[in-house]
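Hi,

Here is the structure I said I would pass on.

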Amino acid sequence: MNVTTMLAALRGVAAYKDLLTLPVMERALRLLSCSAHGDGLGGLEAYTDLFYQLRAEGQAGLGSWLGDALRWSEGPYPRLAERGDRDPALEQAAKLDVSAFELLASVDCDRWLSHLQRLLDSDYQGVLTSLPRWQRGVPFSFDGLTQAYQREGAGRFARYRAFVWEDGALIPVTHPDCPSSTQLLGYDEQRALVERNTRALVEGRHVNNVLLYGESGTGKSATVKNLLTLPGMEELRLIEADKENLGGLPALIRALDGRRQKFIVFIDDLTFDRDDPTYSVLKTILEGGVERRPQNVAVYATSNRRHLVRQTISERAGDEMDRSETIREKTSLADRFGVRILFQGLNKTEFLALVDMLADQNGVSLDREELHRQAVAWERFHGAQTPRTALQFILSL
């Protein structure tokens, strides 16, 4: 094992430099550097740090970690291959980088410990013998990685379906809470409108932003999240942002332009108070300024208010011109959503029919007349005639 040659190859990485700053690679490079310069104590510490970091990230071996890191890299070569473009210099650099990583992954722990044994005195022999090992293996190749980039995309947007935008950072959601279609209750026509607009987005067409408004508990948010579970939506990505975190969204949306995936920026429970500073930010996002909104991005929002902005009595009671201008300003934001879909509460017949259906699904054998009597009483004290209220009633039995 020529540690100097291996260290030189990794120091020469040019296309996958993003990997070198990750904790596992920092420890691997420190192990190589200490080993190459005769620092046995430093090498021993780096070895144990590397084992710890691999296990902390849920990896059994350095090769498996490298395979994942290369596959989900955000570097220039994965993005190039994703787009189907060509750059001979970058391709050659990436090929050499992968060869260097293959060499590193192929070294088993016994060879590392044997090398450290030669650098340390006899007092450390017992420690070296008892040290844990990670698995050896090279489960990746340059051609295999390139084909994966071209077929499925690169980076975090290929790896994850849902994200949360929080404090200027995009945080992936490993297991998003997306209800299946069988869990959605009622509102088939409204859901069909949302799905139709979204399928047009996935197909690469220009689409409208969507506002879902109406009573709480009618399934507006669930309708948006359910889109990730539908067939044919594999290229769809959902980015959820709170109203308080809209400030950095224009820059994020700009960065999404050119990605192969299609993105819904989802703002749940959207309502503005008077003089809210994020009001103008959302107006810019919806309508755009000098630059257009990317074709692969749409904004979906839910709200309990049709016009999104609370209006005060004083605003309505001003002189005729000021009042008219104020109301137009307040309602103009909702008008920037090209598709506006109302989710209103169920009537009594629809509500009781939903109660019956949920009772059958949950094995409730109560007499229907008594079931309806209790359901009406529950609704009076616990909320409106909505799917959420019906489900809560059934679960209470």
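First, the ground rules. This is a predicted model, so local features need pLDDT of at least 70 and side-chain atom pairs count only at pLDDT 80 or more, while totals for chains, interfaces and linings use all residues. Numbering starts from 1 along each chain as its sequence is written, and side-chain values use heavy atoms, with hydrogens and water left out.

**Overall build**

The chain has 20 helices and seven strands (DSSP runs numbered from the N terminus: H or I of at least four residues for helices, E of at least two for strands). Along the principal axes, the C-alpha atoms fill a box of roughly 85 × 60 × 40 Å. Buried residues come to 46% of the 397; buried means under 20% relative accessible area, exposed over 50%, and partly exposed in between, with a 1.4 Å probe and protein chains only. Of the contacts (heavy atoms within 4.5 Å) with a separation of 6 or more, 78% are between residues 24 or more positions apart.

**Two cores**

A nonpolar core here is a set of buried Ala, Val, Leu, Ile, Met, Phe, Trp, Tyr and Cys residues joined through side-chain atoms within 4.5 Å. The largest one has 51 residues, and Tyr16, Met25, Leu66, Phe101, Leu104 and Trp134 have the most contacts inside it. Helix H7 (residues 88–105) supplies the largest share of this core, eight residues. Beyond its neighbours within four places in sequence, Leu66 is in contact with Leu19, Met25, Phe101, Leu104, Ala105 and Phe140. A second, separate core has 40 residues, among them Ala200, Leu230, Leu354 and Trp378.

**Two glutamines**

Gln261 sits in the loop between helix H14 (249–256) and strand S5 (262–267). Is Gln261 buried or exposed? Buried, because its relative accessibility is 0%. Leaving out residues up to four places away in sequence, Gln261 touches Glu82, Glu152, Phe157, Ala158, Glu235, Arg237 and Asn296.

Gln295 is in the loop between helix H15 (278–287) and strand S6 (297–303). Gln295 is partly exposed, at 32% relative accessible area. Its contacts, neighbours within four places aside, are Leu201, Gly204, Arg205 and His206.

Cheers
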